[in-house]
Amino acid sequence: MPPEYYQLLEQIQAVDFVLVELNLYLDTHPEDYEAIQQFNTFTHESKQLKKQFEKKFGPLMHFGRSYSNYPWNWDDQPWPWQV
């Protein structure tokens with residue numbers, strides 16, 4: 001796989017980690033406006049990175065959460081969880 005494959009996956013993982021942490025924080029601080037703004041910013045970034053990844057390398061999620069190219073490309077390897 002090209003280096004960009006691994007770079008994008010690492011960026012997605014980092015942004016999603018921040019989202020998990022912000023989600024946990026917001027569970028106990030639901031009125032922290034700045035944290036909510038950060039959560040929304042990182043949510044947008046996560047969606048953009050995933051869209052970019054899927055356009056270049058194929059789907060990340062299943063059950064209708066990611067589109068497939070033609071022909072059906074779910075059997076393309078490696079899958080993100082295999083690297």
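Reader: Let's start with F17. Is F17 buried or exposed?

Author: F17 is exposed, because its relative accessible area is 53%, and the cut-off for exposed is over 50%. Keep in mind that this is a predicted model.

Reader: Thanks! Which helix is F17 found in?

Author: F17 belongs to helix α1.

Reader: And how far is the C-alpha atom of F17 from that of F42?

Author: Those two C-alpha atoms are separated by 10.0 Å, with F17 and F42 lying 25 residues apart along the chain.

Reader: Okay, zooming out. How many helices and strands are there in the protein chain?

Author: There are two helices and zero strands. Helix α1 covers residues 3-28, and helix α2 covers residues 33-57.

Reader: How do α1 and α2 pack, in terms of angle and axes?

Author: They pack at an angle of about 155°, and their axes are 9 Å apart. The cut-off for roughly antiparallel is over 145 degrees, and α1 and α2 are therefore roughly antiparallel to each other. Their crossing is left-handed.

Reader: Nice. What kinds of residues make up the contact of α1 with α2?

Author: That contact divides into 17 nonpolar, six polar and five charged residues.

Reader: Which residues of α1 are buried?

Author: In α1 the buried residues are Y5, L8, L9, I12, V15, L19, L22 and L26. What covers them includes α2.

Reader: Then which residues of α2 are buried?

Author: For α2 they are A35, S46, L49, K50, F53 and E54. Here the cover includes α1.

Reader: Switching topic: what span should α1 have at 1.5 Å a residue?

Author: With 26 residues, α1 should span 38 Å, and its end C-alpha atoms are 39 Å apart, so the two values agree.

Reader: What about α2, how many Å does it reach from its first C-alpha to its last?

Author: α2 reaches 36 Å with its 25 residues, close to the expected 36 Å.

Reader: Last bit, the whole protein chain. What percentage of its residues are buried?

Author: Buried residues make up 25% of the 83 residues in the protein chain.

Reader: And what share of the contacts with a separation of 6 or more comes from residues 24 or more positions apart?

Author: Such residues account for 51% of those contacts in the protein chain.

Reader: Great, thanks for the tour!

Technical notes
Residues numbered from 1 in each chain as written. Predicted model: local features only at pLDDT ≥ 70, side-chain atom pairs only at ≥ 80, totals over all residues. Heavy atoms only, no water. Axes fitted to C-alpha atoms, helices over the stretch in contact; angles between N-to-C directions. Helix = DSSP H or I, 4+ residues; strand = E, 2+ residues; numbered from the N terminus. Parallel < 35°, antiparallel > 145°, perpendicular 65-115°, else oblique. Left-handed = near helix turned anticlockwise from the far one by under 90°. Nonpolar A, V, L, I, M, F, W, Y, C, P; charged D, E, K, R; others polar. Expected span 1.5 Å × (residues − 1). Buried < 20%, exposed > 50% of the residue type's maximum accessible area, 1.4 Å probe, protein only. Contact = heavy atoms within 4.5 Å.
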